[in-house]
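These are my notebook entries on one protein chain. I record what I looked up, entry by entry.

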Amino acid sequence: MKLTVLGSGTCGSQIPGVQNRFPPAFVLEAGDCKIMFDCSEAVRFRLEKAGFNYVDINHLCISHAHPDHYALVHFLQSIGCINSWLGPRNERIDVYAPRQITDNFDALWALYVPDDPHRKNRIWPDLKFHPMSNPDRCVMMIGDAKLTSFSVYHGFGKVDACAFRVELNGKVFVYSGDTGEGDSIRECARDADLFLCEASARIHDVKNPFEYGHLTPALAGDIAHKSGVKHMVFFHYTGLNTDEEMIADCRKSGYEGSLTVAKDFDVLEF
Ligand SMILES: [Zn+2]
Ligand SMILES: [Zn+2]
């Protein structure tokens, strides 16, 4: 599998160190399939810059509805315009997401596009929604890859949020989305070859993983250590701690595997 980082940052900019770190989005090439994880603002520009044609994205996993991860209406409009102007280029997208998204997307769309609230115009790709948070663990096949979702704790427990695990040919990729502490993220990360893990709580904000629901680098390290992760890649970089401080904090956990603080356009093969 091959992972391309399209956004290693957050919704915040103008902080030293976060220049050129856009909000979360990633492309996983798994066999013949390209799976995009999260769909943040203006992601199509970064897809283009990374060498992808954005109409080729047919599988989209969205971790939760916070706006820094979920700008799906905007992405669809870009595809709809290409379908309209150049002829059909993308006619179907499978969306794997928590129920807060799958149950409410049509209402969100109608607010943005009152001239075509039910997407009758054939320029829009057909959206096939797969609710992934009810039950707490859902399994789907995407080509030969097995996708499993795990409901995780985030946003004071009020946000319906998923982490995702992809297994293909004996390799395991895990995407944390936004998460605090909990058994499910630990189970999701088990024996991952590449664990793409958020670490957006500040180093000393040790209550955050249990209250709001973000991980400190040390707690992410503890999860990786106890779950047998081989390579952990931090994303959702805030700029409030340096890469070096995050790595030092993570190593306090005893995690000795590979560790990277992601930057946009990093490419990782495993
Ligand atoms: Zn969030
Ligand atoms: Zn976020």
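**Entry 1: burial and overall form.** I first looked up burial: of the 270 residues of the protein chain, 46% count as buried, where buried means that 20 or more other C-beta atoms, placed from the backbone, lie within 10 Å of the residue's own, exposed means 12 or fewer, and partly exposed is in between. I note that the model is predicted, that local features need pLDDT of at least 70, that side-chain atom pairs count only at pLDDT 80 or more, and that totals for chains, interfaces and linings use all residues. Residues are numbered from 1 along each chain as its sequence is written, while chains are lettered from A and ligands numbered from 1 in the order in which they are written.

I then listed the secondary structure, which comes to 7 helices and 14 strands; these are DSSP runs numbered from the N terminus, helices being H or I with at least four residues and strands E with at least two. The radius of gyration, taken over C-alpha atoms, is 18 Å, close to the 18 Å of the globule rule for 270 residues, so the chain is as compact as a globular protein of that length. The globule rule is 2.2 Å times the number of residues to the power 0.38. Along the principal axes, the C-alpha atoms fill a box of roughly 55 × 40 × 35 Å.

**Entry 2: helices α6 and α7.** How do helix α6 and helix α7 pack? I found an angle of about 45° between α6 (residues 217-227) and α7 (residues 243-251), with axes 7 Å apart. Axes here are lines fitted to C-alpha atoms over the stretch in contact, and angles run from 0 to 180 degrees between N-to-C directions. That makes α6 oblique to α7, since angles under 35 degrees count as roughly parallel, over 145 as roughly antiparallel, 65 to 115 as roughly perpendicular and the rest as oblique.

I saw that P217, A218, A220 and G221 of α6 meet M246, D249, C250 and R251 of α7; contact requires C-beta atoms, placed from the backbone, within 7 Å. The buried residues of α6 include L219 and I223, and the buried residues of this helix pack against α5 (183-188), β11 (194-198), β12 (231-235) and α7. After α6 comes G228, with a positive phi near 75°.

**Entry 3: V43.** Is V43 buried or exposed? V43, in helix α1 (residues 43-49), is buried, with 26 other C-beta atoms within 10 Å. Neighbours within four places in sequence aside, V43 is in contact with L6, A25 and F75.

Key
Contact = placed C-beta atoms within 7 Å.
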